[in-house]
Amino acid sequence: MDQVVYTKDHEWLRIEDNVVTIGVTEFAQEQLGDVVFIELPEVGSELSVGDEAAVIESVKAAGEIAVPIDGVVLTVNEALVDQPDLLNSAPETDGWIFQVSPSEALEMSDFMDAEQYQQFIQDGE
Amino acid sequence: MSESTDNKKTQFYDYHVAAGGKMVPFAGYLMPVQYPLGIMQEHLHTRDNAGLFDVSHMGQVVVRGNNVVGELEQLMPLDLGALAINQQSYATFTSPTGGILDDLIITRWAHDTFFLVVNAACKEQDIAHLKTHLPDSEVNYLDQQSLIALQGLRAVEIMAELAPQTATLVFMQGCHTDIGGIECYVTRSGYTGEDGFEISVSDDYALALADLLLAYDFCQWIGLGARDSLRLEAGLCLYGHDMNEQTSPVEAAISWSISKSRRSEGEKSGGFLGADIILRHLDNGVAKKRVGFLVEGRAPVREGAEIADNEGNVVGIITSGGFGPTLQAPVAMGYVPKELAVVGTELTALVRGKPRPITVTKMPLVPQRYHRG
């Protein structure tokens with residue numbers, strides 16, 4: 001059974017068995033504006049928490065995606081190469097960015113569930 | 001981001017907020033960087049329809065005096081004596097070392113009167129500069145005056161209805177007129193590369209004027225984000241980025257803004273701050289020059305990125321860059337040594353350590369569509 005959790009950096013993680021799919025939230029997409037390019041991580045690269053995994057370029061600025069877990073990059077969303085605007089139109093579904101095989105079990109207390117995340121956004125505004 | 005109380009608001013602040021504008025501090029003002037439409041669509045809307053820009057943060061200054069031409073000509077390499085009434089020109093305030101203190105638009109209002117529009121971030125310094133160097137003239141900062149720019153292909157449709165006189169203006173001409181009974185000074189100008197108008201209006205009637213313009217459904221507020229991408233595609237310099245006190249007008253590739261008569265062989269040669277250096281640059285050439293770049297791929301190359309030659313030597317720097325919504329490709333400009341400032345020269349820009357191929361190109365990247373009559 002899969003589970004979706006959120007980070008304070010406005011990333012979402014869908015956890016299924018030993019694969020974690022990572023993307024940015026609707027809120028992050030609104031903040032970024034029109035996305036024109038995404039620099040994806042290399043498949044097979046080993047990442048540690050806080051490493052810069054991807055860069056999202058919007059018309060105005062570049063934003064970095066820091067990886068929220070330790071692990072190895074399994075796949076990247078190649079569709080974003082030709083259609084970076086998927087990140088605007090479907091950030092939490094077709095606009096996923098990459099998948100990671102975590103090197104150890106995730107500490108769920110590091111993340112927020114959907115309700116906590118909504119509260120976090122509201123408090124921030 | 002907290003809204004610092006130090007930032008000023010223009011007359012249009014509540015309108016921007018009501019229109020969903022994302023307000024950010026800019027040059028001491030809270031200004032809309034974008035609206036819900038987003039920079040990409042706002043940019044495209046301006047080119048094909050009509051975009052309304054609040055540029056009230058810019059400095060509007062009137063300078064008057066019997067010797068105003070002679071005094072102002074000491075500060076800018078222009079032939080102001082030859083400027084007809086209601087004609088305007090792009091200009092730079094030059095520095096004693098041949099750099100640029102600010103760029104501006106100067107309009108002749110009368111034999112002894114000029115109207116200047118200067119950059120928001122430089123206005124206090126510009127006014128002090130004018131007061132220092134124009135002892136015989138009156139320098140009047142119009143701090144009760146708003147400024148809006150109506151830009152784009154269909155801007156003229158609106159103006160032709162509301163103020164028919166303005167529709168006959170050509171690029172860089174102006175006139176005093178009224179729009180729906182509101183007194184304005186209108187010029188056929190702007191900084192988007194499109195046909196359009198800038199309208200100076202009293203703060204008291206600024207909102208009433210905006211209401212008249214926004215009544216057209218193809219006219220929308222446009223933020224600073226799209227203003228930047230529009231001017232970038234149009235190849236226009238942004239002060240403090242593409243030029244500054246360390247760059248001469250020749251290095252900034254705006255030699256066209258230096259009047260013939262103020263050049264070495266001209267009848268009013270020199271006589272402006274930094275003339276010796278600037279004329280030497282004109283006559284003997286410069287070591288570095290501003291050029292435009294086409295960028296391979298879709299990754300934007302932004303301000304501060306280093307430029308390298310094909311041997312990997314860092315040879316220059318990007319001073320403005322982003323994604324061009326009309327071009328659907330990244331656009332950039334920057335400085336390179338003169339010998340590399342040749343259209344077609346292939347270089348690389350270093351983006352997060354990775355070399356991205358860039359090619360020196362002719363500017364503007366998107367053709368300007370000014371109304372030249």
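Start by selecting Q328(B), a residue that is exposed, with 10 other C-beta atoms within 10 Å. Keep in mind as you click around that this is a predicted model. Q328(B) sits in the loop between β16 and β17 (329-337) of chain B. Now check its backbone: phi of Q328(B) is near 55°, a positive value in a residue that is not glycine. Most residues other than glycine have a negative phi, and most peptide bonds are trans.

Next, jump to R352(B), in the loop between β18 (346-351) and β19 of chain B. Is R352(B) buried or exposed? R352(B) has 12 C-beta neighbours inside 10 Å, and the cut-off for exposed is 12 or fewer, so R352(B) counts as exposed.

Follow the chain onward to P364(B), in the segment after β19 (354-361) of chain B. Select M363(B) along with P364(B) and look at the link between them: the peptide bond from M363(B) to P364(B) is cis, with omega near 0°.

Now zoom out and colour chain B by domain.

Nine residues of domain 1 are in contact with nine residues of domain 2. On the domain 1 side, α2 and α7 of chain B are the elements that give two or more residues. Colour that side by residue class and you will find three nonpolar, three polar and three charged residues.

For the last stop, show both chains and go to the contact between chain A and chain B. How many residues does each chain bring to this contact? Chain B gives 14 residues and chain A gives 10. To find the chain B side, select α2 (39-48), α7 (224-233) and β16 (314-324), each of which supplies at least two residues to it. Coloured by class, the side of chain B that touches chain A shows six nonpolar, five polar and three charged residues.

Key:
Residues numbered from 1 in each chain as written. Chains lettered and ligands numbered in written order. Predicted model: local features only at pLDDT ≥ 70, side-chain atom pairs only at ≥ 80, totals over all residues. Contact = placed C-beta atoms within 7 Å. Helix = DSSP H or I, 4+ residues; strand = E, 2+ residues; numbered from the N terminus. Nonpolar A, V, L, I, M, F, W, Y, C, P; charged D, E, K, R; others polar. Buried ≥ 20, exposed ≤ 12 C-beta atoms within 10 Å, placed from the backbone.
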